[in-house]
2 protein chains.
Amino acid sequence: MTDTVIDVPVEPATLAARLADESAPDIVEALNREAPEVAAAILLSLPHERAVEVLDQPELDCAPDIIEMLPRDRVASFLSGMSADRVTDVIREIEEPGRSDLRARLDAETRGAVDKLIAYPEESVGSIMTTEFVAVPTTWTVGLTLDYIRKVERTRETVYSIFVLDPRTGALAKAVPLRRLITGNPEDNILSVAPNRRPVVVSADASRDEAARLISKYDLLAVPVVDASNHVVGIVTVDDVIDAMIQKQTEDVQRFGGMEALDEPYMSINFLTMIRKRAGWLCVLFLSEMLTASAMQGFEGELEKALVLTLFIPLIMSSGGNSGSQATSLLIRALALHQVRLRDWWRVALREIPAGLTLGAILGTIGVVRIVIWQKLGFYDYGEHWFLVAATVGTALVGIVLFGSLTGSMLPFILQRVGFDPATASAPFVATLVDVSGLVIYFTVALVILRGTLL
Amino acid sequence: MTDTVIDVPVEPATLAARLADESAPDIVEALNREAPEVAAAILLSLPHERAVEVLDQPELDCAPDIIEMLPRDRVASFLSGMSADRVTDVIREIEEPGRSDLRARLDAETRGAVDKLIAYPEESVGSIMTTEFVAVPTTWTVGLTLDYIRKVERTRETVYSIFVLDPRTGALAKAVPLRRLITGNPEDNILSVAPNRRPVVVSADASRDEAARLISKYDLLAVPVVDASNHVVGIVTVDDVIDAMIQKQTEDVQRFGGMEALDEPYMSINFLTMIRKRAGWLCVLFLSEMLTASAMQGFEGELEKALVLTLFIPLIMSSGGNSGSQATSLLIRALALHQVRLRDWWRVALREIPAGLTLGAILGTIGVVRIVIWQKLGFYDYGEHWFLVAATVGTALVGIVLFGSLTGSMLPFILQRVGFDPATASAPFVATLVDVSGLVIYFTVALVILRGTLL
């Protein structure tokens, strides 16, 4: 928070007056640039309905902090205007005793909905669903349904999908898109405009990614969330899914960069929290990488005899890491998009072996050419056995790039197999995995090629 | 293609019969598992309308190959049933002379639309927009508009946003959501249900990301694409944006992994194309990393005197790369989400300096402790000046992690400043940047601390 600098101090009331005509998402952008206490003051100066609309936007960065700064008597009326899923998101972030206090101030209906939603784990469909949807019995007509929608439109997150329920069991029978409904004859039964196919549904315990996959695959505006007996308990709308996709993408990029996901904007996250999230993986990687020091110690004798070998250690190690990082990024996405399944691992291995050999041969050739040119042009003297040194570097590169490609491509499969998200694999993690083995490959190749000459 | 294995050979006609009752997205998933010639045969056996629906899905992997395999007399009727933006996507991928031949077979209306769309560059809003939308003049009533929508519903990609145009100039006046339209009084003018605010619009030349950002920010189902005089030339729907987001995410992950984006599924991309896309960056990185060999050659004298220093080279270098990769991934996302702007670079630098120092101090301490333990417990003898070696490693780590964090965080700013997407920065690229300087930092620290003893 301390980083937020307000260039020209402006009274919150003035700012509020200036913002009152903007759309809620634009007000959110403006508030995100202010400290939470300023944002809270601005919200209080906005017309009530507009303030509720702003708090309802998931893009508002410090909503829990802002809510905690609002006078307790205003909070209840703000919260009861917001959608239940958003209230749940906010309350989830607030520490006790604030959380219980806020919960007690909700009206009975909102409190009931929030209590249900908050029970779902954070990565689940249940945690992003909303309970405000349109459902009608199969016995209704098109006209009756339209009249009903006109009445409840204001209080529903979406009216573009209408869920038609069996009046006896309450189970979901059909999902009717509004565009089909308006083409129907008002006197006809609603089933006359229902599609033939069974509606696409998702379970509340499924992961958010699953809801995103269904919405994107079937081009839906909302997917109904059902329980075991096919009762609709909520819906996930396309807006929620887009927000979840953007959040997931941020997490994936940060994880692939070799750290825990921040879950907060870079400029507003607490400094110590950020250090903690970065230091964790950095230490794990550092401790693993210490094995390289042990490996080098093991080859101390060879290093003393052929110091020239050390010159290429960084070059050779980084090539293994780079080819591994490429293969990992390819397979993370192929698995995420269901282009490749777990059982296809051997097909991938059969592609990566020739790919690794080809890429290794390309780099190996460049490496050999580099050494030959430097030697011949007199830039550096690699000793009398310079050609054997070049052969060692070239051969080691083929082995290391092959090993990197294979390790990097198999790692996402292994993670998925043991129940992790393949996207927890990171470029630094692959590089670390490959580094120790890279050193061993390099020195083993050297022992074979240089035995009797340098070693 | 050669990797596609059909476990049990089934007649295409049998498969088609089995698939006919499935939804189009499910048929697409099944076809993606087949070779293009089999997929083409299945498509021909499906009912015509269903085949068109399948070809209309952007998720169909090898649509251009499949189209080229269909008999020429059937192709025209397939293509004219598809949406213009999808036909454009497919035609764009087909090589000449096939492309001109297909274009000639289109009906005049589709050909006109395709000719317009294909002129837009591939990453632009124009390339993902559709020209099938609902527009009515400001003079119409709610009832008239609803009647019109009922008539054209089948032929429009979306009817959930209705664009209201000035009848004199044809310019966009308002965008009315269908949910508001149905709540209106049929006799009232359509403007009675229009929101007060000016509609959110995007230009056809803007990037796809901009359309995605607007749709996600304002929770829209479609954003109108306008020209300089505010005429609607097309719309981008939320489905298109989700598809574009998924594609962009794949590209970003692959680029961050240190390669050119594949643009095709891993299992179906041609082997040589894949090698080309991976080898390019791998060679660039390899050539840059060669500077490490030159740097090591420069410190040859020091290496000979203090071989013990080589033991920690991989450990120290990788720490710089890892901290850089973390910082880059953080800033790529912060810039993409507009949490940080170009002009904020110095604020970021002011955060990364203490962050780098803290993280460096943590790793440095672990490094020193490791050397002390190994020495004291007799696992390895780092020589009589072992404590100075430990001090060198610890100090170098602080410097290198600081340098890595700073370089990694500034790189995305520099890329954006010179007009590149910050997401072109990759973990291997940052690691390579940091490696050479890391070596120089390490040996410089060693020269200062060990002068007069080991050096």
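Which residues does A:R278 touch, not counting residues up to four places away in sequence? In this predicted model, the list holds A:M259 from its own chain, along with B:S323, B:Q326, B:A327, B:L330, B:E352, B:A355, B:L359 and B:S405 from chain B. The arginine itself is found in helix 14 of chain A, which runs over residues 271–298. Is A:R278 buried or exposed? Its relative accessible area is 0%, and buried means under 20%, so A:R278 counts as buried.

Chain B can be laid on chain A by a turn of 180° with a shift of 0.0 Å along the axis, and the RMSD is then 0.1 Å. The two copies are therefore related as by a two-fold rotation axis. The contact surface fits this picture: 100% of the interface residues of chain B are interface residues in chain A as well, so the copies meet through the same surface.

Now let us turn to the stretches of chain A that carry a label from a record. The unreviewed UniProt entry gives the annotation "transmembrane region" to residues 353–374, 386–415 and 427–450 of chain A. What does the model show in residues 353–374 of chain A? That span is 100% helix and 0% strand, with its end C-alpha atoms 31 Å apart. Residues 427–450 of chain A are likewise 100% helix and 0% strand, and here the end C-alpha atoms are 33 Å apart.

Strands of a sheet pair through backbone hydrogen bonds, either parallel or antiparallel. In chain B, three strands form an open sheet in the order 4-5-6, with mixed pairing. Strand 4 (202–203) and strand 6 (232–237) of chain B each have a single partner strand, so they stand at the edges and one side of each is left without a neighbour in the sheet. Strand 4 of chain B pairs with strand 5 (residues 222–226) in the parallel sense, over two bridges, and B:S203 stands opposite B:V226 of strand 5. Helix 13 of chain B, residues 208–217, packs on this sheet and touches strand 4, strand 5 and strand 6. The direction of helix 13 makes about 70° with that of strand 6 of chain B.

Finally, a word on cysteines. How many disulfides are there over all chains? The count comes to zero, taking a disulfide as a pair of cysteine sulfur atoms within 2.5 Å.

Definitions and conventions: Residues numbered from 1 in each chain as written. Chains lettered and ligands numbered in written order. Predicted model: local features only at pLDDT ≥ 70, side-chain atom pairs only at ≥ 80, totals over all residues. Heavy atoms only, no water. Pairing = 2+ DSSP bridges. Helix = DSSP H or I, 4+ residues; strand = E, 2+ residues; numbered from the N terminus. Contact = heavy atoms within 4.5 Å. Axes fitted to C-alpha atoms, helices over the stretch in contact; angles between N-to-C directions. UniProt positions renumbered as here; feature names shortened; annotations may be inferred. Least-squares fit on C-alpha atoms with pLDDT ≥ 70 in both. Buried < 20%, exposed > 50% of the residue type's maximum accessible area, 1.4 Å probe, protein only.
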